[in-house]
Amino acid sequence: MAEPFTFGIPLIARDAASNWPLVEALLSLTIRSVAAQTDPSFRVVIAGHDRPAFAPIDPRITFIAADWPAESVRADNLDSGRKKHLISQHILAEGGGLLMFLDSDDWIDRRLVEAARTMIPSEALGGYIADGFISDIRANRAVRLPDKHIFDGDFQRLCGSSIVARLVPKAPDALRRNPHAVLHEHYRWPETAQERGGEAVPLPVNGAYVINSSVNHSEVHGPFSSWRRSLSSAVGEAGFPMSDEFLSEFGLRAQDVAQTVGRHLRGLQMG
């Protein structure tokens, strides 16, 4: 039997979101991207205060309601952290397996689940995505990383949605039980795993760090928000157009993205 694989999505509360219809629209793209996996044996667990409205409803998707009051978004993104913990506890209670956290505006390589199951050894803590792109959803342009003029580093150095960890409910060691809870910094995940006596392997897939959506926490509230927002002009100048061929790697079409931009993003200004 294949090792269980879960995508976990902590979802901002409607009352805390600056534009809830946009959040739902971007999440719909994320779900469309996830649903295109070459290995369809996976599940999605969304933790939030408000159940999102998107179609079609997939039986592989579970919604878990947060049981604390919705609050304004903080710089440390505590709400997201609590929802990730809620998801992790759910996965551990269900028997564990591979878990990858996503933001609600992420795009996922169609080969991700297949690669994780194939490439992550049974004794490893997990895997990470070292290759990928910065994708400006509003300008419809992308840049491959590393880029010495924009970001001269591997994908996991920039994007938190790059880590797949193995959760083992009965492991006596907290690191083995839930690596996500111990190895916090995605930008040092492989190094920190090694320092603690574990192994994290690079996965032969690409990531997509979606920018300029106006709702991503790191662009709006994070400690490097100003720098991250400035990526947009650099990608706009140096990037290539996101064609159907490019987007198909992430289970999307240019039309899907254009419709979301047209309905919700065009005319919005980044803070």
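**Briefing: buried residues, cores and cavities**

At 0% relative accessibility, Ser162 falls under the 20% limit and therefore counts as buried. The structure is a predicted model. Ser162 sits in the loop that runs between helix H4 (155-158) and strand S9.

**Surroundings of Ser162**
- Neighbours within four places in sequence being left aside, Ser162 makes contact with Met100, Gly127, Tyr128, Ile129, Phe155, Gln156 and His186.
- Among these contacts, Met100 also touches Phe7.

- In soluble globular proteins, nonpolar side chains tend to be buried together.
- The largest nonpolar core here comprises 42 residues, and Phe5, Phe7, Ile46, Leu112, Ile134 and Val164 have the most contacts inside it.
- Helix H1 (residues 20-35) makes the largest contribution to this core, supplying five residues.
- Another core, of 19 residues, lies apart from the largest one and includes Val45, Phe101, Tyr128 and Ala130.
- Beyond the residues up to four places away in sequence, Phe7 touches Val34, Gln37, Phe42, Arg43, Val44, Val45, Leu99, Met100, Leu102, Ile108, Leu112 and Val113.

**Helix H3**
- Helix H3 (residues 112-119) has Leu112, Val113, Ala115, Ala116 and Arg117 as its buried residues.
- These buried residues pack against strand S1 (5-10), strand S4 (97-101), strand S5 and strand S9 (163-167).
- Two of the buried residues, Leu112 and Val113, are in contact with Phe7.

**Cavities**
- Rolling a probe the size of a water molecule over the atoms shows where empty space is left.
- The model contains three cavities of 30 Å³ or more.
- The largest cavity holds about 90 Å³ of space.
- Ten residues line the largest cavity, and Trp68, Glu71, Ser72, Leu78 and Asp79 are the closest to its centre.
- This lining consists of five nonpolar, one polar and four charged residues.
- For the second largest cavity, the volume is about 60 Å³.
- Strand S5 (107-108) and strand S11 (206-211) each give at least two residues to the lining of the second largest cavity, and S11 has the largest share, with three.
- By class, the lining of the second largest cavity has six nonpolar, three polar and two charged residues.

Terms used: Residues numbered from 1 in each chain as written. Predicted model: local features only at pLDDT ≥ 70, side-chain atom pairs only at ≥ 80, totals over all residues. Heavy atoms only, no water. Core = buried A, V, L, I, M, F, W, Y, C linked by side-chain atoms within 4.5 Å. Buried < 20%, exposed > 50% of the residue type's maximum accessible area, 1.4 Å probe, protein only. Helix = DSSP H or I, 4+ residues; strand = E, 2+ residues; numbered from the N terminus. Contact = heavy atoms within 4.5 Å. 1 Å grid on protein atoms, 1.4 Å probe; cavity = no way out; pocket = protein on both sides within 12 Å on 5 of 7 lines; lining within 4 Å. Points joined across faces, edges and corners; volume = space filled by probe spheres on them. Nonpolar A, V, L, I, M, F, W, Y, C, P; charged D, E, K, R; others polar.
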